[in-house]
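Subject: Structure handover

Hello,

Please find the structure below. The notes after it say what was found.

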Amino acid sequence: CISGLAGGITMGLTALSTSIVIAQLGQSPVSKIVADLLYPIGFIAVILGRAQLFTENTLYPVALMLAERRHGWKTLRLWAIVLPSNVVGAFFFALLAVRTGALRPEIVTAMTRIGVQAAGVTTSHVFWSGVIGGWIIALVAWLVSGSHSITGSVMLIWLLTFVVGLGDFAHCIATSGEIFSAVIDHQLPLSRYFSWLGPATL
C-alpha cells in the first residue's frame with residue numbers, strides 16, 4: 001500500500017516536467033515534443049525505484065494466472081491494493097502542486113490545462129487509447145526484466161514511454177495527476193475524473 005502510494009506520487013514527475021516545459025515554451029508543436037521527451041521521467045523513477053505501479057502489475061500476474069490456472073484471487077487482491085493507492089498518491093501530488101503555492105501559477109495553469117484536455121475526449125477514445133498505452137507499458141515491464149544494466153533499462157523505459165506521451169495515449173496513473181489538478185483547481189468536476197478513470201483502467 002505504501003509502495004503504491006509512493007508510486008502514485010512519483011508518477012507526478014511526469015505531469016510536473018511536462019507542465020514546466022509547456023509553461024516555459026508555450027503551446028506549440030515544438031514545446032509539445034520537448035515536453036514529451038521529459039514524459040518518461042515519472043516512469044523511470046517509479047520502475048527503477050521499485051515502487052508499485054498498477055500498470056506494471058498487469059503483465060506478469062496475468063501471465064502466471066493463465067499459465068498455472070490459479071492465483072486469480074491474489075491477482076485481484078494485488079490490484080485492489082495497488083490501483084487505489086496509486087490514485088491516492090496521484091491526488092496527493094495534485095494537492096501539493098495546486099494548493100501549496102510550491103509551483104509558479106503558469107506551471108499550475110499548464111498542468112490543469114493538460115488535465116482538462118485529457119478528460120475532454122470521448123469514453124471510446126480513452127478506452128482504445130488506454131489499450132495501446134497499456135500494451136506499451138506491459139512491453140516496458142517485459143523488456144526491462146530482460147535488461148542487464150541500469151543504462152539499458154533507462155533507455156528502454158525512456159524510448160517506449162516517450163511514445164506513450166507523444167501519442168497522448170491514456171495512462172490511468174500518469175494522467176491522474178493532471179486531471180486531479182484540474183479538479184482541485186475547479187476546472188473539472190470530480191465525477192469527470194472517475195468517468196475517465198474507468199475506461200482508462202479497463
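In these notes, a residue is buried when its relative accessible area is under 20%, exposed when over 50%, and partly exposed in between, using a 1.4 Å probe and protein chains only. By that rule Ser129 is buried, because its relative accessible area is 6%.

Before the rest, two remarks on how to read the values. This is a predicted model, in which local features need pLDDT of at least 70 and side-chain atom pairs count only at pLDDT 80 or more, while totals for chains, interfaces and linings use all residues. Residues are numbered from 1 along each chain as its sequence is written, and side-chain values use heavy atoms, with hydrogens and water left out.

The whole chain

The chain holds 11 helices and zero strands. Helices here are DSSP runs of H or I with at least four residues, strands are runs of E with at least two, and both are numbered from the N terminus. In sequence order the pattern is therefore α-α-α-α-α-α-α-α-α-α-α.

The radius of gyration, taken over C-alpha atoms, is compared with a globule rule of 2.2 Å times the number of residues to the power 0.38. For 202 residues a compact globule would come out near 17 Å, and the 16 Å of the chain agrees with that. Along its principal axes, the C-alpha trace spans about 50 × 35 × 30 Å.

Of the 202 residues, 45% are buried. Contact means heavy atoms within 4.5 Å. Among contacts with a separation of 6 or more, 78% are between residues 24 or more positions apart. The accessible surface, from the Shrake-Rupley method with a 1.4 Å probe and, for residues, only the protein chains shown as cover, is about 10000 Å², and 71% of this surface belongs to carbon and sulfur atoms.

Helix α7

Helix α7 covers residues 105-119, which is 15 residues. From first C-alpha to last it reaches 21 Å, close to the 21 Å expected at 1.5 Å a residue; the expected span is 1.5 Å times one less than the number of residues. The buried residues of α7 are Ile107, Val108, Ala110, Met111, Thr112, Ile114, Gly115 and Ala119. Their cover includes α2 (12-25), α6 (72-99), α10 (176-184) and α11 (190-201).

One of these buried residues is Ile107. Its relative accessibility is 4%, so Ile107 counts as buried. Beyond residues up to four places away in sequence, Ile107 touches Ser19, Ile20 and Ala23. Leu16 is 91 residues from Ile107 along the chain, yet their C-alpha atoms are separated by 8.1 Å.

Other residues

Where does Ser129 sit? Ser129 is in helix α8 (residues 123-146). Leaving aside neighbours within four places in sequence, Ser129 is in contact with Asp168, Phe169 and Ala170.

His171 is in the loop between α9 (150-166) and α10. With a relative accessible area of 3%, His171 is buried.

Leu76 and Leu48 are 28 residues apart in sequence, and their C-alpha atoms are 24 Å apart in space.

Regards
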